[in-house]
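User: I am new to this structure and would like to go through it step by step. Please show it first.

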Amino acid sequence: MSDSSAPALPPVSIRPATPDDLDPILAIEGRVHLAPWTKANFEGEWMKPYSTTWVVTDDETDAEVFGYATFWAMDDSVEILNIAVDLPHRGLGIAKLLLQQIIREALKKGAKRLILDVRKSNLPAAGLYQRAGFVITQYRKAFYSNGEDAYHMALELEGALLDF
Ligand SMILES: CC(C)(COP(=O)(O)OP(=O)(O)OC[C@H]1O[C@@H](n2cnc3c(N)ncnc32)[C@H](O)[C@@H]1OP(=O)(O)O)[C@@H](O)C(=O)NCCC(=O)NCCS
């Protein structure tokens, strides 16, 4: 949050997810997504060499998972497949921090752009991506299993800001 009276971002760590993180991740996933990923989905991601899942945890004990993201590094694009922050920790800048870290990683890998799909109704996520500089590049009709449309969004990394 940019407002100086807003709650401060707690000290957090961002690190690769391990199998021990799966239960807290699945609990958050079930609370925050309309079509949550299953255990098999996450385990499937961990088998793919191009897929990375990071968790955000409390810096002090590393025991509480606040959020996570899964992204693919393919050719000259990094695609964000999943990003979520648990309800009590929203609005503190955790997703922003995670996204900034993904941008740094994408730059390190030599990617030219970040891409993702977002539900048309998902205003918090669209707000996050627009703030980071993503633009809508395609409208995908009935993209999701419930028939909802998606915006395909992209962030060109050349000149992208890390402190959005
Ligand atoms: C989208 C989501 C990850 C944002 O997490 P968060 O940690 O609360 O976001 P941040 O506090 O880092 O906010 C960063 C920016 O995102 C935007 N944003 C966040 N929440 C918003 C909201 N409710 N409405 C509009 N914009 C919002 C704002 O621009 C914000 O910056 P500001 O607070 O300085 O104005 C979170 O709402 C979530 O987990 N949603 C459910 C899962 C999901 O939809 N994932 C995206 C799938 S595409």
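User: Is aspartate 62 buried, partly exposed or exposed?

Analyst: The classes rest on relative accessible area: buried is under 20%, exposed is over 50%, and partly exposed lies in between (1.4 Å probe, protein chains only). With a relative accessible area of 34%, aspartate 62 is partly exposed.

User: What kind of model is this, and how are residues numbered?

Analyst: This is a predicted model, in which local features need pLDDT of at least 70, side-chain atom pairs count only at pLDDT 80 or more, and totals for chains, interfaces and linings use all residues. Side-chain values use heavy atoms, with hydrogens and water left out, and residues are numbered along each chain as its sequence is written, from 1.

User: Where does aspartate 62 lie?

Analyst: Helices (H or I, at least four residues) and strands (E, at least two) are DSSP runs, numbered from the N terminus. Aspartate 62 has a positive phi of about 60°, although it is not a glycine. Its place is in the loop between strand 2 (51–58) and strand 3 (65–74).

User: What is the relative accessible area of aspartate 75?

Analyst: Aspartate 75 sits in the loop between strand 3 and strand 4 (77–85). Its phi is positive, near 50°. Most residues other than glycine have a negative phi. Aspartate 75 is exposed, and its relative accessible area is 81%.

User: Which pattern does the protein follow along the sequence?

Analyst: The protein has four helices and seven strands. Read along the sequence, they follow the pattern β-α-α-β-β-β-α-β-α-β-β.
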